[in-house]
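Hi everyone, thanks for coming. I'd like to walk you through a structure that may be new to you, so please have it open as I talk.

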Amino acid sequence: MPVYETDYERSHMIPDREILRVLECVHGEVQLDAVFCPAPKYGRASTRWRQQKALGIHVQFVGGALWLRSDLDWQMKDGYAECRMVIHAGERRYCSLVMMEHGPAVLSPLGSSSDTALAQTVTWWTKWSGRCEYQGPFRDAVLRSALALKLLNFAPSGAIIAAPSTSLPERIGGNLNWDYRFCWLRDASMTVTALFGLGYHDEAEAFIDWLLHSTNLTQPELLVMYTVYGKPLKKERELRYWSGYRNSRPVRVGNEARNQLQLDVYGDVISAAAQLDEYNKSIDHASADVLRGIGKYVREHWTMPDQGIWEPRVSSQHHTHSKLMCWVAMNKLLQLHDAGLLPKVDGETVKQVRDQIATAIREEAWNEEKQTYTAVFGGEEVDASLLLLAKHEFERADSERMRLTYKRIMEEIAAGSALLYRYRDKLSPGEGAFGICSFWLAEYLALGGGSLAQAEAKFRQLLEYNNDLGLFAEEIDPETGAALGNFPQGFTHVGLINAALSLAERRSREASPERAA
Amino acid sequence: MTLQIHWSNWLFWGFVASLALVSTESIAQGLGLTRLNLPLILGAALTPNRDRARALGIVLHIVLGWLFSLVYVVAMQFLGGPTWYRGAFIGLAQALFICLIGWQTLPGIHPRMASETHGPTSTRMLEPPGFMGLNYGISTPVAVFISHAIFGLVLGLFYR
């Protein structure tokens, strides 16, 4: 998609949504086969096709229109267009697809205008990449992850979606097929950490702004996920007439987890906003009101059972991770209050609740017999989210309890030397190792759970599971290394960036011990 | 026959009719019946910045509608005096003219609209309406007829 500098956008008429392809044969000749077969409304909308002289192919449907403009030899067929031709060395061909839902479209001229658009786009992305402040040994992987996040960012609102796909299966041929084309509040805190950590302050602030203000339809109660416009999702439905990726049915549109109670999202939102203080940014009055409202909700509801981070479609439980994030919410609220950024908060009450949550976690999430923290209060099994106890500074990474928990995690949910399942459970047998959990493992080691060498070794191993473009899906098949689940997955790339940042921090600490002291 | 115009009535009801026209078009667009956005098309003649074009275009559209309502007032006088059906009839006649002739000639006079014959250029990139405005959606002519009938109807009903 072409992208231009703001000044250029203001002074030129450019399409809202355009995919531009420039094909250049540099040597010999190339047989080119192309098919244009749009299927709006999941293939259910009837389309009206017209070849419009010099304007191109016009496809109209209820709610919008597409214009395909190209100097390829397209042949109109019944409900699609195809092109079969040979291009020779030195030839350049162009394809521009424009979509418009409201208002007249803006049509791109081809040829030199397309070349200019391409050059401007390359310049824009080169400049954007140049703003990445990470200079460690994994710069290529980190930059690729930052680019993936940027591409998941809906610029008009600042929202960042989880993935641009729906129903790519977590288990081939299975039914773990979910729609991820929405914004999960859970991703907020870690995404903001990643963006600030890399120096992308504008994107981080826009995302926080979206978090605090686009969710105002439901505040102080927060939903698990929202559309890019900050609206609640519609009811989930299944496209029964679609066979799904490699016969993995059903293909779903919408996500029924929207109605779950997941208390951890409150901690994520407050933790994301608290990073404004860490980067010396201000919090306006409206945002402060929102944060106070969310804090009050947590104080009144943290004792409730919920569905937790993994969103199982079963009954609620007291998830350790959810309680941890309630503790984070109180802790960050207190931090903002102490910094003078959040007046009108009863600091003493917040502190009391925070300490009550901490006591509950220490007493009820610790299994004395198994010598480990457990995924749910009074439980016996571990899950990967327990590694976040160290990341959120509830426990020191090198504490006895964390070391024992890490040991148990490696015994029970490791999938080879570097990969980690999110849990071992009857709920989803056969699913792959979880991308972000595997990066949490490397990050836990970097935070002090292991040596720098161990952490870097794990991280390097993980990087080998990316595809040829450096991208990760939600999960990884431990046996084949194949990507599973929706793709590319923002959460996995956030995990990669944060692990790399923690590694860089650890490396820098070890390089100058006086800094650590 | 003496042409007599009640200027204050025309000023008021012409303005109201113009608002009704713009609102009806906007509702039709919002409901997804058409992608016709006359404020954008009018404003784009003055500036390539689409946000500014929309804002300028709304003002321009209302003012042009306001002025054009004078033609309706005069026409109704010639047809025997203002009534709702005469107003609506003139509105439908104008809509027919727009659909059959107006849309076809627009690319020739709009400085930023692409031509169907030559395609877009670096300065003329706006999608043309095509025959009957059908490029903007199959219901576009319906939206144009309804909005102009309402415009005439308001004038016919209330202008005296």
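This is a predicted model: local features need pLDDT of at least 70, side-chain atom pairs count only at pLDDT 80 or more; totals for chains, interfaces and linings use all residues.

Let's begin where the two chains meet. Chain A brings 24 residues to the contact, and chain B brings 26. On the chain B side, helix α2, residues 38-44, gives the largest share, with three residues. What is that side of chain B made of, by class? There are eleven polar, ten nonpolar and five charged residues on the side touching chain A.

Now let's look inside chain A, at a pair of helices. Helix α4 of chain A spans residues 188-198, and helix α14 of chain A spans residues 490-511. Their axes lie 9 Å apart, and the angle between them is about 50 degrees. The crossing of α4(A) past α14(A) is left-handed.

Last stop: a sheet in chain A. Its three strands are ordered β19-β20-β21, and this open sheet is paired antiparallel. Which strands stand at the edges? They are β19 (433-434) and β21 (483-484) of chain A; each has a single partner strand, so one side of each has no neighbour in the sheet. β19(A) is joined to β20(A), residues 475-476, by two bridges. There, A:Phe434 sits opposite A:Glu475 of β20(A).

Key. Residues are numbered from 1 along each chain as its sequence is written. Chains are lettered from A and ligands numbered from 1 in the order in which they are written. Two residues are in contact if their C-beta atoms, placed from the backbone, lie within 7 Å. Helices (H or I, at least four residues) and strands (E, at least two) are DSSP runs, numbered from the N terminus. Ala, Val, Leu, Ile, Met, Phe, Trp, Tyr, Cys and Pro count as nonpolar, Asp, Glu, Lys and Arg as charged, and the others, Gly among them, as polar. Axes are lines fitted to C-alpha atoms, for helices over the stretch in contact, and angles run from 0 to 180 degrees between N-to-C directions. A crossing is left-handed if the near helix is turned anticlockwise from the far one by less than a right angle, and right-handed if clockwise. Two strands pair if DSSP finds at least two bridges between them.
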